[in-house]
Amino acid sequence: MIIVRPAAVAGTFYPGDPRTLAATVDRLLVAAALDTDTDSEADADSGNIAPVAVIVPHAGYVYSGPVAASAYARIAPWKGTITRVVVIGPAHRAYVTGLALSSADAFATPLGEIPVDRVAHEVLLRHPGVGVDDHAHAAEHSLEVHLPFLQRALGDGWSLVPIVAGAADTGTVADALGAVWGADGTLVVVSSD
């Protein structure tokens, strides 16, 4: 049986209707690409290295959508190259000690399901301060709001490593992320207020 973490903030932080959501994200990505000073597509074509990390806000799309789109428009040229996305964001709805992973096999948005990277999940669980806490993920928006952008920018063919950060010291976070950071095809999304 596959366990899917359902979308918790669709219809509030971003549109809940799949067509409206896709159109909204696509519009934001196109506008951001037009406003971009650098030519990310040329960078991707010229053999430059794909980005390894971005810092992106996690408010509702009406507030942070254009800024989030500016980050995701820059990674879109690496569609097919980026195969794992680690999304780490702060806990808002549950108290978390350390870093919380999910037992879910996939995360859902109105645009479909994204598989969780079980290999990275197991690697992270070997680190102190990292555990599974589904309660921390159940209603958390700091990760979820990024998923539709990632789905539209990267298409299919990538897996998710969802991490909710709570009361964790910088060493715990650095050690855990160090285990997956820099692996081929890996992008780290730091979800920020």
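Reader: How do strand S5 and strand S6 pair, parallel or antiparallel?

Author: Start with the rule: two strands pair if DSSP finds at least two bridges between them. Strands are DSSP runs of E, at least two residues long, and helices are runs of H or I, at least four, numbered from the N terminus. Here S5 (residues 106-109) and S6 are antiparallel, over four bridges. Thr 109 stands opposite Gly 112 in S6. The two strands form a hairpin, with two residues between them.

Reader: What kind of model am I reading?

Author: This is a predicted model, where local features need pLDDT of at least 70 and side-chain atom pairs count only at pLDDT 80 or more, while totals for chains, interfaces and linings use all residues. Residues are numbered from 1 along each chain as its sequence is written, and side-chain values use heavy atoms, with hydrogens and water left out.

Reader: Which way do the side chains of S5 point?

Author: In a regular strand the side chains alternate between the two faces of the sheet. In S5, Ala 106 and Ala 108 point one way. Phe 107 and Thr 109 point the other way. All four are buried, where buried means under 20% relative accessible area, exposed over 50% and partly exposed in between, with a 1.4 Å probe and protein chains only.

Reader: What is the strand order of the sheet that holds S5?

Author: The order is S1-S5-S6, in an open sheet of three strands with mixed pairing. Its edge strands are S1 (4-5) and S6 (112-115), each pairing on one side only. S1 and S5 run parallel, joined by two bridges. Arg 5 has Phe 107 in S5 as its bridge partner.

Reader: And what is the order in the sheet of six strands?

Author: Read it as S2-S9-S3-S8-S4-S7. This sheet is open too, with mixed pairing. S2 (53-57) and S7 (130-132) are the edge strands. From one strand to the next, the twist averages 25 degrees. Inside the sheet, S4 (residues 99-101) and S8 (residues 159-165) pair in the antiparallel sense over two bridges. Leu 99 has Ala 165 in S8 as its bridge partner.

Reader: At what angle do helix H1 and helix H3 pack?

Author: Two packed helices are described by the angle between their axes and the distance between the axes. Axes are lines fitted to C-alpha atoms, for helices over the stretch in contact, and angles run from 0 to 180 degrees between N-to-C directions. H1 and H3 (residues 61-75) pack at about 60 degrees, with their axes 8 Å apart. That makes H1 oblique to H3; angles under 35 degrees count as roughly parallel, over 145 as roughly antiparallel, 65 to 115 as roughly perpendicular and the rest as oblique.

Reader: Which residues of H1 and H3 meet?

Author: Contact means heavy atoms within 4.5 Å. From H1, the residues include Leu 21, Val 25 and Leu 28. From H3, they include Tyr 61, Pro 66 and Ala 69.

Reader: Is Ala 22 buried or exposed?

Author: Ala 22 lies in H1 (residues 18-35). Ala 22 is buried, because its relative accessible area is 12%. Not counting residues up to four places away in sequence, Ala 22 touches Leu 111 and Arg 152.

Reader: How many residues of helix H7 are buried?

Author: Seven of the eight residues of H7 (residues 147-154) are buried, so H7 is largely enclosed by the rest of the structure. Among them are Leu 147, Phe 149 and Leu 154. Just after H7, Gly 155 takes a positive phi of about 65 degrees.
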